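Please look over the chain and its model below before reading on.

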Amino acid sequence: MSRHSFDPGIARAVGLNAAVIYQNIRFWCERNAVKNRNVHDGNVWTYNTVKEFGVLFPYLTPKQIRLALERLEESALLVSGNFNEDLRDRTKWYALAEGTVAFAELVNMHLPKRAETIAPEGKPLPDSKPDNKHTPKPPEGADDLFSANGEADQQNETAEPIEEGFQTFWESIWPKHQRKTGKADCLKVYRAACTGLHPKAEKISPDELNRCAAAYIASVRDPQYLKGTLPWLRQPGWEPFMEAPSGAEYREEDLTPSRRSMLQDGICPPSMKDSDGRPNAEASYWLKRYGYGGKA
């Protein structure tokens, strides 16, 4: 009997259905990486049709599966492509998006050279219509942290304060410590946090992240118990030191099951709309918390 799992941080960002599917795709990408299989364009891929996902997740409808996959791409957690030998085959391939912690871990553990080496194992079932789609570009405004143009990206207005913020974080705020290691990996996670690509946290500014880091360090009385920089960034360790957000008086346990389910799917319950039909303050708060930015 199979057991399905998910990351609570991913579920909070894109919903429970998408989080469960994401965990499955991540598992197969890591498995393929170990076997050096389905490697293309410096990334590891896995493929499935909506129908095949339905077999894996019989409690989800095809519509729920399609919506979950769309959310994962829109949230820059996954990218899709088409590496089928038969151009008529519309089966989509999925990979962990560059710039996420999961991708960084995959590359560091299994793909040091990031070279395309092995052709796909097996062949998805063909379809009657051709589809020549390529891997889509990242959403507009998202930083491609591992792109070939990384040097140029660091010069733009978004990357420059992040680079400066990290230098302050690394050289001035975090003290010398035996667990202060992995500077390059720390920079990747720091960037992800400051560009909204951290899978476990919402976007945070470099100044706020550094302020929280200083507050955390000040809270540790004995330096020997200071966490490593990389685990702290991945956790994310700054959340307990952030100022309480507007709407902190709202409690998730106060939501009815039906309201919570609709909000997690990005839908504002009719009973939580203002007279003008827009989400009220509480609905807007929860929609933002669930990753939908206050949609109606």
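Is Tyr47 buried or exposed? Tyr47 is buried, its relative accessible area being 19%, where buried stands for under 20% relative accessible area, exposed for over 50%, and partly exposed for what lies in between (1.4 Å probe, protein chains only).

The model is predicted, and local features therefore need pLDDT of at least 70, while side-chain atom pairs count only at pLDDT 80 or more and totals for chains, interfaces and linings use all residues. Residues are numbered from 1 along each chain as its sequence is written, and side-chain values use heavy atoms, with hydrogens and water left out.

**Aromatic pairs**

Across the whole structure, a search finds 19 aromatic pairs, a pair being two rings of Phe, Tyr or Trp (its six-membered ring) with centres within 6.5 Å, counted as stacked if the planes are under 30 degrees apart, as edge-to-face if over 60, and as tilted for the rest. Tyr47 and Trp93 form one that is tilted, with 4.5 Å from centre to centre and 55 degrees between the planes. This pair links distant parts of the chain, since Tyr47 belongs to strand S3 (residues 46–47) and Trp93 to strand S5 (residues 93–96), 46 residues apart; helices (H or I, at least four residues) and strands (E, at least two) are DSSP runs, numbered from the N terminus. Trp93, at 1% relative accessibility, counts as buried.

Elsewhere, ring pairs join Phe166, Phe169, Trp170, Trp174, Tyr190, Tyr216, Trp232, Trp238 and Phe241 into a cluster. Over the face of Trp170 in turn lies Lys180, at 4.9 Å from the ring centre, a charge being taken to sit over a ring if NZ of Lys or CZ of Arg is within 6 Å of the ring centre and within 35 degrees of the ring normal.

**Salt bridges**

The whole structure holds seven salt bridges, each defined as a side-chain nitrogen of Lys or Arg within 4 Å of a carboxyl oxygen of Asp or Glu. The table gives some of them.

| Pair | Closest N and O atoms |
|---|---|
| Arg12 and Glu239 | 3.4 Å |
| Glu30 and Arg26 | 3.1 Å |

The bridge between Arg12 and Glu239 connects distant parts of the chain, with Arg12 in helix H1 (residues 8–14) and Glu239 in the loop between helix H10 (229–234) and helix H11 (257–264), 227 residues apart. Arg12 is partly exposed at a relative accessible area of 25%, and Glu239 is likewise partly exposed at 32%.

Glu30 and Arg26, by contrast, both lie in helix H2 (residues 16–34), four residues apart, about one turn of the helix. Glu30 counts as partly exposed at 30% relative accessibility, whereas Arg26 is buried at 19%. Glu208 and Arg211 are three residues apart in helix H9 (residues 206–219), and so are separated by about one helical turn. An α-helix has 3.6 residues a turn, so residues three or four places apart point the same way. Glu208 is partly exposed at 22%, as is Arg211 at 33%.

**Helix H12**

In helix H12 (residues 281–289) the buried residues are Ala283, Tyr285, Trp286 and Leu287, and what covers them includes H11. At the start of H12, a side-chain oxygen of Asn280 reaches to within 3.2 Å of the backbone nitrogen of Glu282. Just after H12, Gly291 adopts a positive phi of about 95 degrees.

Notes
Contact means heavy atoms within 4.5 Å. A polar contact is a pair of N or O atoms within 3.5 Å; within protein, one must be able to donate a hydrogen and the other to accept it, and residues adjacent in sequence count only if both atoms are side-chain atoms.
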